[in-house]
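My notes follow, in the order I looked things up.

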Amino acid sequence: MEPDRQEASRWAAEELSKPVYRDAQPDWLTDLWRQFTDWLRSLNSGDPAIDSGVAVPAIGVTIVILIAVAILLARPRLNARRRPAGDVVDADPSISPAEYRRLAAAAAARSDWRTAVVEQFRAIVRSAEERTVIDPLPGRTADEVAGQLAGAFGGCAAQLRRAADQFDAVRYGSEDATARDHADMVGLDQLLESAKPDFGRPAADRLALPL
C-alpha cells in the first residue's frame, strides 16, 4: 500500500536521523537536511494547498538523493575514524617473549627476514609487557610502543624509533628485510632486556642493571 504524505515524511525523518549519516555529514549537508526536515514538517501541517499525490513521490526522490550523497560522504569519514593512527603490532599476550624469539630465529634460519623482523619486534613488545614496563594493550601500534618504551629507556629512543619504522615498513608496507635488519632488532631486544627502566632519571643513566 502506498504511504500517505504523513507516513512518507515520517519515514524520511527516521532514515535521515540515523547516526551513520548525522555523525559524518559536513556543515553544508547539515543545512540541507535541516531545510528538508522543515519541509517535511510543513507537509505534516495538513496544508490543503500541498497536493499529497505530488508530495509523496517528491519525498521519495529526495530521500534517495540525500541518502546517496550521505553515504558517499560518510563512508570515507567513518573509515578514517575507524582507521588506527598507525598499523597495529598484534603481539599476542598468550605468546611469551621467548616463543616470539624462537619464531624469529626459525624464520632467520630459513632466510625469511621479513618474518624474523616482525616476530623479533613482537618479542620486544611482549618482553616489555611481562616486565610491566608497558601495559598490555590490544591495538597498540609500533609507533606507540616506541614512544612508550622511550619514556622508560631514553637512551634507546632512536633505536626504538628505527625499529618501529622497520616493523611498519616490513609488516604493512612492501619493504624487504635483511639479515642486518634482523640483527639490529635482536641487538635492541637484548639491550632492552639488560636495561633497567626508569621514568625519572636522566636518559644517560637509564641503561643500568636489569630488573
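First, the term I needed: helices (H or I, at least four residues) and strands (E, at least two) are DSSP runs, numbered from the N terminus. Read along the sequence, I get α-α-α-α-α-α-α-α-α. That is 9 helices and 0 strands.

A note on what I am looking at: this is a predicted model, where local features need pLDDT of at least 70, side-chain atom pairs count only at pLDDT 80 or more, and totals for chains, interfaces and linings use all residues. Residues are numbered from 1 along each chain as its sequence is written, and side-chain values use heavy atoms, with hydrogens and water left out.

**Burial and contacts overall.** I took buried as under 20% relative accessible area, exposed as over 50%, and partly exposed as in between (1.4 Å probe, protein chains only). Of the 211 residues, 38% count as buried. A contact means heavy atoms within 4.5 Å. Among contacts with a separation of 6 or more, 66% come from residues 24 or more positions apart.

**Helix α8.** I checked its length. The expected span is 1.5 Å times one less than the number of residues. For the 15 residues of α8 (residues 157–171) that gives 21 Å, and the end C-alpha atoms are 21 Å apart, so the two agree. I then listed its buried residues: Leu160, Ala163, Ala164, Gln166, Phe167, Asp168, Ala169 and Val170. What covers them includes α6 (113–130), α7 (142–152) and α9 (179–193).

**The core.** A nonpolar core here is a set of buried Ala, Val, Leu, Ile, Met, Phe, Trp, Tyr and Cys residues joined through side-chain atoms within 4.5 Å. The largest has 28 residues, and those with the most contacts inside it are Val89, Phe121, Leu149, Phe153, Leu160 and Leu192. Helices α6, α7, α8 and α9 each supply at least two residues of this core. I looked up what Leu192 touches, leaving out residues up to four places away in sequence: Ile124, Arg131, Leu149, Phe153, Cys156 and Leu160.

**Helix pairs.** Axes are lines fitted to C-alpha atoms, for helices over the stretch in contact, and angles run from 0 to 180 degrees between N-to-C directions. Under 35 degrees counts as roughly parallel, over 145 as roughly antiparallel, 65 to 115 as roughly perpendicular and the rest as oblique.

How do the axes of α6 and α9 cross? They come within 9 Å and cross at roughly 10°, which makes α6 roughly parallel to α9. The residues of this contact divide into 11 nonpolar, 3 polar and 3 charged.

The axes of α7 and α8 come within 8 Å and cross at roughly 170°, so I noted α7 and α8 as roughly antiparallel to each other. Their contact has 8 nonpolar, no polar and 4 charged residues.

Most residues other than glycine have a negative phi. Asp90, in the loop between α4 (52–82) and α5 (97–109), has a positive phi near 60°. Asp90 is partly exposed, at 46% relative accessible area. Thr132, in the loop between α6 and α7, also has a positive phi, of about 60°. Thr132 is exposed, at 63%.

Note on methods: Nonpolar A, V, L, I, M, F, W, Y, C, P; charged D, E, K, R; others polar.
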